[in-house]
Amino acid sequence: MLISADKVKDLRAISGAGIMDCKKALSESKGDVQKAMDILRKNGIAKAQKKAGREVKDGLISTYMHPGSKLGVMLEINCETDFVAKTPVFQELSKDIAMHIAASSPIAVSRDDISDETITKEKSIYLEQAKNSGKPENIALKMVDGRIEKFFKESVLLEQIFVKDSNMTIKDVITDAIAKLGENISISRFSRFQLGESLNKAPSDDLNQ
């Protein structure tokens with residue numbers, strides 16, 4: 001099937017993939033751009049998995065400040081080389097993820113970063129709620145498993161739905177960037193600051209005198 005240059009150009013603009021990869025994907029999809037995009041994404045996941053074990057020593061610290069300066073984020077995102085860290089794709093990725101953190105308030109990068117104490121506390125709350133609803137214990141335990149899974153998807157950065165594209169998680173966004181840039185990428189840590197959120201007591205009386 002003859003693939004037009006315009007379709008290749010359109011797919012490149014959407015995906016950021018190379019010309020040959022776009023031509024191959026369009027050929028496989030018989031000219032369907034959306035199906036070609038799905039093919040590129042699957043290929044990108046495969047490429048990303050191959051790069052997942054590679055060490056990331058470079059990267060950058062990205063910041064986001066919400067209008068009004070009452071909410072901010074600091075993010076460390078890593079790649080393999082300084083060259084990739086300076087590319088527009090990597091820098092845009094870091095800004096997008098920092099902005100996402102500001103909007104979605106994750107509590108950890110991955111499930112492994114959430115303490116056993118936090119998980120146990122959440123489970124006990126959900127179990128009590130399930131029992132109070134009158135459910136038998138075996139049903140209540142299954143409900144707890146479902147609620148914990150939902151808790152992870154809402155609280156873990158890599159599993160959250162990306163605020164700029166509801167069809168992708170943050171992990172998907174990073175996987176796409178790995179496929180485009182050809183290097184492993186990972187998020188090391190982040191901090192989200194909101195004015196006044198850490199204040200759990202009234203100001204000192206000395207300050208009011």
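Predicted model: local features only at pLDDT ≥ 70, side-chain atom pairs only at ≥ 80, totals over all residues.
Me: Which exposed residues sit on the face of H2 turned away from its buried side?
Reply: Start with the buried residues of helix H2 (residues 19–28), which are Cys22, Ala25 and Leu26. They lie on the same side of H2 because they cover an arc of only 100° around the axis. The face turned away from that buried side carries Met20 and Lys24.

Me: And which residue with a positive phi follows H2?
Reply: Its phi is near 60°. The residue is Lys30.

Me: How do H6 and H7 pack, and is H6 oblique or perpendicular to H7?
Reply: Helix H6 (residues 116–132) and helix H7 (residues 137–155) have axes 9 Å apart and pack at an angle of about 135°. Roughly perpendicular would need 65 to 115 degrees, and roughly antiparallel over 145. So H6 is, relative to H7, oblique.

Me: How many nonpolar residues are in the contact of H6 with H7?
Reply: H6 brings residues including Ile119, Tyr126 and Leu127, and H7 brings, among them, Leu141, Val144 and Phe151. By class, the contact has 3 charged and 2 polar residues, and the nonpolar count is 11.

Me: Is Leu195 buried or exposed?
Reply: Leu195 is in the loop between strand E3 (186–194) and helix H9 (205–208). Its C-alpha is separated by 5.1 Å from that of Lys70, 125 residues apart along the chain. The relative accessibility of Leu195 is 65%, so Leu195 counts as exposed.

Methods. Residues numbered from 1 in each chain as written. Heavy atoms only, no water. Axes fitted to C-alpha atoms, helices over the stretch in contact; angles between N-to-C directions. Helix = DSSP H or I, 4+ residues; strand = E, 2+ residues; numbered from the N terminus. Parallel < 35°, antiparallel > 145°, perpendicular 65-115°, else oblique. Contact = heavy atoms within 4.5 Å. Nonpolar A, V, L, I, M, F, W, Y, C, P; charged D, E, K, R; others polar. Buried < 20%, exposed > 50% of the residue type's maximum accessible area, 1.4 Å probe, protein only. Arc of directions from axis to C-beta.
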